[in-house]
Amino acid sequence: DKIIAANGSDAYYARFQKSIVLGVQGKRSDKIVLLQSLISKTPPSMYANNARYELALAYIDDNKYNQAITLLQPLTTALDARNLASKAWMKIAFCYQQLDNNNKAIESYKHIITEYPSSDERSAALDALNSLYIEKGQPGAYTQLLKDNNISSADSSSVDSTYYAAAEAQFASSKWDKAVAAFTQYLQQYPTGIFITK
């Protein structure tokens, strides 16, 4: 508070840190106001991108997914936000899942795989894509994604499991015709697969 009141060169940093503390204290509305002030400063605060990301997280916690997406999208293209881009795509994809827009979620997760191959979020994005493709009954699309991006697990037993899990998901949903087609595809694709007896 003293640093903020002095309004010196560290004031922006102090405001950003105070917003984090306010969030920990459960003072969400105060946190949001402080973050919004960092985003709307002219000229922009050097912590505006971090504030934008934190504000989006607050909106996600409040189930305001569309507002969070709107805040996060600039972080995916801004050159000065490159360090936050893969995290932003991850949160955007999560928001789309919560909004039952799995196609947009898949598209968002794919950005992490293709544009940020060394990011910490890549593994979680692959897991999410695997689940989404299983849910949609499209294990082949997941396999193709792995091959297109030279991901080593494209030839492993995890792909075998993906095909089988997609068939199981159709069966569990009582979509019998789709289940039969998916089990048949599994048997053709993996004649000596792990789940062949099952």
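Are glutamate 54 and lysine 31 buried or exposed? I looked this pair up first in the predicted model. Glutamate 54 is buried, and lysine 31 is buried as well.

**Entry 1: salt bridges**

I found four salt bridges in the structure. One of them joins glutamate 54 to lysine 31, with the closest N and O atoms 3.6 Å apart. I then placed the two partners: glutamate 54 belongs to helix H4 and lysine 31 to helix H3, and the pair links distant parts of the chain, 23 residues apart.

I went on to aspartate 62, which forms a salt bridge with arginine 28; here the closest N and O atoms are 2.6 Å apart. This pair also links distant parts of the chain. Aspartate 62 sits in the loop between helix H4 (48-61) and helix H5 (65-72), arginine 28 sits in helix H3 (residues 28-40), and 34 residues separate them. I noted aspartate 62 as partly exposed, at a relative accessible area of 31%. Arginine 28 counts as partly exposed, at 31% relative accessibility. I also noted a network of salt bridges that links Arg28, Asp61 and Asp62.

I checked lysine 18 next and found a salt bridge with aspartate 1, the closest N and O atoms being 2.6 Å apart. Lysine 18 is in helix H2 and aspartate 1 is in the segment before H1, so the pair ties together parts 17 residues apart in sequence. Lysine 18 is partly exposed, with a relative accessible area of 30%, whereas aspartate 1 counts as exposed at 65%.

**Entry 2: helices H7 and H8**

I looked up how helix H7 (residues 102-115) meets helix H8 (residues 122-135): their axes come within 9 Å and cross at roughly 150°. The angle is over 145 degrees, which makes H7 roughly antiparallel to H8. I recorded the crossing as left-handed. From H7 the contact residues include Ile106, Tyr109 and Ile113, and from H8 they include Leu126, Leu129 and Tyr133. I have the residues of this contact as 11 nonpolar, one polar and three charged.

**Entry 3: positive phi**

Most residues other than glycine have a negative phi, so I looked for exceptions. Asparagine 7 has a positive phi near 55°. Its place is the loop between helix H1 (2-6) and helix H2 (11-24), and asparagine 7 counts as exposed at 53% relative accessibility.

Asparagine 150 also has a positive phi, about 50°. I located asparagine 150 in the loop between helix H9 (139-148) and helix H10 (157-172). Asparagine 150 counts as exposed, at 72% relative accessibility.

Technical notes: Residues are numbered from 1 along each chain as its sequence is written. This is a predicted model: local features need pLDDT of at least 70, side-chain atom pairs count only at pLDDT 80 or more; totals for chains, interfaces and linings use all residues. Side-chain values use heavy atoms; hydrogens and water are left out. Helices (H or I, at least four residues) and strands (E, at least two) are DSSP runs, numbered from the N terminus. Buried means under 20% relative accessible area, exposed over 50%, partly exposed in between (1.4 Å probe, protein chains only). Axes are lines fitted to C-alpha atoms, for helices over the stretch in contact, and angles run from 0 to 180 degrees between N-to-C directions. Angles under 35 degrees count as roughly parallel, over 145 as roughly antiparallel, 65 to 115 as roughly perpendicular and the rest as oblique. A crossing is left-handed if the near helix is turned anticlockwise from the far one by less than a right angle, and right-handed if clockwise. Contact means heavy atoms within 4.5 Å. Ala, Val, Leu, Ile, Met, Phe, Trp, Tyr, Cys and Pro count as nonpolar, Asp, Glu, Lys and Arg as charged, and the others, Gly among them, as polar. A salt bridge is a side-chain nitrogen of Lys or Arg within 4 Å of a carboxyl oxygen of Asp or Glu.
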